[in-house]
Amino acid sequence: MAENEVASAKKLFSASDVVGHASRKDCWVVIHGKVYDVTKFLEDHPGGEDVLLHASASGDATEAFEDVGHSTSAISMMNNYLIGSIKDYVPPSASEATTIGGNDVPPNFRRMPQKKGPPAPNTFLDFLLPLFVLGLAFAAWYYLTFIAKA
């Protein structure tokens with residue numbers, strides 16, 4: 001049976017049906033319009049269960065799934081968890097094009113914080129702190145060598 005035939009033989013869900021399944025005891029994930037019940041896979045997921053729970057809570061996990069770059073064995077394993085598909089599924093890239101303004105971010109869209117590069121150097125502490133520590137070490141050596149023996 002082909003992959004599309006398997007998906008069509010499964011149940012059709014609305015997006016609101018999937019929203020209620022985002023807990024450790026009942027976790028569904030939507031990827032490319034297909035619904036997967038990954039509850040039994042949470043503990044075995046190499047990225048940790050929190051990744052799947054976050055993907056489930058964010059709605060459509062297609063973009064997050066594609067960004068990670070899963071292996072072919074991981075992709076083939078997904079068929080074991082397939083329970084249906086989303087009725088009238090619109091891919092995330094297509095839905096962004098139809099938003100007002102074209103590039104508006106949906107209100108419930110959550111992203112991981114972006115790395116902004118190295119912090120700006122604090123030249124005062126970068127220079128004086130090592131000098132202070134060196135001076136303190138020298139003072140301790142001088143005290144222990146000459147003053148404490150007297």
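1. The chain exposes about 11,400 Å², of which carbon and sulfur atoms supply 62%; accessible areas come from the Shrake-Rupley method with a 1.4 Å probe, and for residues only the protein chains shown count as cover. Of the 150 residues of the chain, 19% count as buried, where buried means under 20% relative accessible area, exposed means over 50%, and partly exposed lies in between (1.4 Å probe, protein chains only).

2. This is a predicted model, in which local features need pLDDT of at least 70 and side-chain atom pairs count only at pLDDT 80 or more, while totals for chains, interfaces and linings use all residues. Residues are numbered from 1 along each chain as its sequence is written, and side-chain values use heavy atoms, with hydrogens and water left out.

3. The secondary structure comes to seven helices and five strands, taken as DSSP runs numbered from the N terminus (helices are H or I with at least four residues, strands are E with at least two). Along the sequence the pattern reads α-β-α-β-β-β-α-α-α-β-α-α. Among contacts with a separation of 6 or more, 69% are accounted for by residues 24 or more positions apart, a contact being heavy atoms within 4.5 Å.

4. The five strands form an open sheet of mixed pairing, in the order S1-S5-S4-S3-S2, where two strands pair if DSSP finds at least two bridges between them. Its edge strands are S1 (11–13) and S2 (22–23), each of which pairs on one side only. Helix H3 lies across S2 and strand S3 (26–31), and runs at about 65 degrees to S3; for such angles, axes are lines fitted to C-alpha atoms, for helices over the stretch in contact, and the angles run from 0 to 180 degrees between N-to-C directions.

5. Which strands pair with S5, and in what sense? S4 and S5 pair in the antiparallel sense over three bridges, with Val 35 standing opposite Gly 84 in S5, whereas S1 and S5 pair in the parallel sense, also over three bridges, with Ser 85 in S5 as the bridge partner of Leu 12. Four of the five residues of S5 are buried, so this strand is largely enclosed by the rest of the structure.

6. For the aromatic side chains, rings of Phe, Tyr and Trp (its six-membered ring) pair if their centres lie within 6.5 Å, with planes under 30 degrees apart counted as stacked, over 60 as edge-to-face and the rest as tilted. By this rule there are four aromatic pairs. One of them is the tilted pair of Phe 41 and Tyr 81, at 5.4 Å centre to centre and 45 degrees between the planes. This pair links distant parts of the chain, since Phe 41 is in the loop between S4 (34–37) and H3 (49–57) and Tyr 81 is in the loop between H5 (72–77) and S5 (82–86), 40 residues apart. Phe 41 counts as buried because its relative accessibility is 14%.

7. The pair of Trp 141 and Phe 146 is edge-to-face, because the ring centres are 5.9 Å apart and the planes stand at 85 degrees. Trp 141 counts as partly exposed at 46% relative accessibility, and Phe 146 is partly exposed with a relative accessible area of 49%. Ring pairs link Phe 138, Trp 141, Tyr 142 and Phe 146 into a cluster.
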